[in-house]
Amino acid sequence: MKILIRLLAALCLCLLLAGGGVAWLVYDFLHSTPESTGREVTFDVPPGASFNSIALSLKDKGLVTDARKFGWLARYRQMDNRLQAGRFALRTDWTPDQVLDWLVNGQPVLFRITLPEGLSWWQTGKLLEEAGFVRFEDFRAVVLDEAFLRKYGIPFASAEGFLMPDTYLLKKDDTPDAASARRVAARLVNNFWRKAADLWPGGKKPAAEELKRLVILASVVEKETAIDSERPRVAGVYANRLQKSMLLQADPTVIYGLGASFDGNLRRKHLDDPANPYNTYQRPGLPPGPICSFGTAALAAAIAPEKHNYLYFVAKTDGGEHVFSTNLNDHNRAVRQYLQNRRKQR
């Protein structure tokens with residue numbers, strides 16, 4: 001009997017020691033950090049990645065001391081299926097609890113990029129590629145994809161005009177792919193619809209044909225003047241010309257039709273080319289689609305053009321304000337003055 005009691009006592013002591021050892025290991029893991037003097041480490045959680053692979057990557061990056069124990073912690077806290085996909089800024093002097101909490105509740109690292117008004121879709125794509133957000137060919141495929149266009153209510157053969165200019169904070173993948181391009185393009189288009197919603201007459205999105213007209217006109221207005229106060233007047237000029245069945249004769253539409261290969265020098269042969277579907281010197285009415293991304297000021301001008309009798313306008317100096325005319329004689333005089341001013345600038 002005494003021997004049995006001694007064996008039970010020894011067993012209890014072993015269990016206590018083992019339990020104490022486990023408790024100490026758990027305590028030590030939860031309160032220890034990989035490095036005492038911390039440093040920031042950028043860590044990516046790929047979409048669809050398993051928790052085990054993420055835990056192993058955290059160990060490899062020096063962000064946790066033990067991948068298996070980190071897995072136990074996540075499962076105990078029921079967070080192993082709640083990690084966000086994205087890029088995170090973590091530190092090597094964080095405890096496992098801090099790392100886990102940030103991957104579940106923290107903000108992924110976002111990178112700032114400004115897309116200015118007046119860019120074509122291919123210029124936007126190149127800018128995004130240079131900044132590391134997309135591959136150009138992936139972006140091109142998205143903005144021309146029929147399923148993408150239908151999903152986001154774009155009534156043209158491309159997303160031109162709907163890639164809203166703005167300053168964005170975006171995720172950046174280590175290796176951008178088709179999903180990266182689709183995510184970025186969707187963000188730009190959603191921003192267009194959000195901002196346009198405040199401008200639609202009566203607060204209601206226009207029907208398809210009216211939407212097309214407004215978007216095309218807004219894009220032309222955007223390219224014709226950078227001065228917000230002039231945009232309603234420019235829109236009014238084109239409204240008047242359309243009403244009188246006059247050719248629009250807008251240089252930016254011709255340039256857009258020449259595509260990415262345009263060398264910056266608009267020649268007479270370009271203006272005389274009827275094969276260019278965007279040549280408004282040869283083809284009546286608006287061009288077949290928008291020619292750039294435009295801001296809200298240009299869209300507002302297209303929706304509510306200024307009422308006047310002007311039919312012509314020309315810049316006073318390159319990039320400056322414009323002179324508006326009601327007749328060709330006055331316009332030609334303004335053109336001669338522009339050429340004189342341009343010679344003086346050289």
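Colleague: What is the relative accessible area of Gln249?
Modeller: This is a predicted model, in which local features need pLDDT of at least 70 and side-chain atom pairs count only at pLDDT 80 or more, while totals for chains, interfaces and linings use all residues. Residues are numbered from 1 along each chain as its sequence is written, and side-chain values use heavy atoms, with hydrogens and water left out. Buried means under 20% relative accessible area, exposed over 50%, and partly exposed in between (1.4 Å probe, protein chains only). Gln249 is partly exposed, and its relative accessible area is 37%.

Colleague: What is the phi of Gln249?
Modeller: Most residues other than glycine have a negative phi. Gln249 lies in the loop between helix 10 and helix 11; helices (H or I, at least four residues) and strands (E, at least two) are DSSP runs, numbered from the N terminus. Gln249 is not a glycine, yet its phi is positive, near 50°.

Colleague: Is Ser245 buried or exposed?
Modeller: Ser245 is in the loop between helix 10 (231-243) and helix 11. Its phi is positive, about 60°, although Ser245 is not a glycine. The relative accessibility of Ser245 is 68%, so this residue counts as exposed.

Colleague: Which residues does Val254 contact beyond its neighbours within four places in sequence?
Modeller: Val254 sits in helix 11 (residues 251-258) and is buried, at 0% relative accessible area. Contact means heavy atoms within 4.5 Å. With those neighbours left aside, the residues in contact with Val254 are Leu266, His270, Leu271, Asn276, Tyr278, Asn279, Thr280 and Tyr281.

Colleague: How far apart in space are Val254 and Tyr278?
Modeller: Tyr278 is one of the residues in contact with Val254. The two are 24 residues apart in sequence. From C-alpha to C-alpha, Val254 and Tyr278 are separated in space by 5.3 Å.

Colleague: Which residues of helix 14 are buried?
Modeller: Helix 14 (residues 328-345) has 18 residues and reaches 25 Å from its first C-alpha to its last, close to the 26 Å expected at 1.5 Å a residue; the expected span is 1.5 Å times one less than the number of residues. The buried residues of helix 14 are His331, Ala334, Tyr338 and Asn341.

Colleague: Within what arc do the buried residues of helix 14 fall?
Modeller: An α-helix has 3.6 residues a turn, so residues three or four places apart point the same way. The cover over the buried residues of helix 14 includes strand 5 (312-315) and strand 6 (322-325). Those buried residues line one face of the helix, because seen down its axis (by directions from the axis to the C-beta atoms) they fall within an arc of 80°.

Colleague: Which residues does Thr95 contact, leaving aside its neighbours within four places in sequence?
Modeller: Thr95 is in the loop between strand 2 (86-91) and helix 4 (96-105). Its relative accessible area is 19%, so Thr95 is buried. Apart from those neighbours, its contacts are Leu30, Ser32 and Thr33.

Colleague: What is the radius of gyration of the protein?
Modeller: The protein has 14 helices and 6 strands, and its C-alpha trace spans about 125 × 45 × 35 Å along the principal axes. The radius of gyration is taken over C-alpha atoms, and the globule rule is 2.2 Å times the number of residues to the power 0.38. A compact globule of 346 residues would come out near 20 Å, but the value for the protein is 31 Å.
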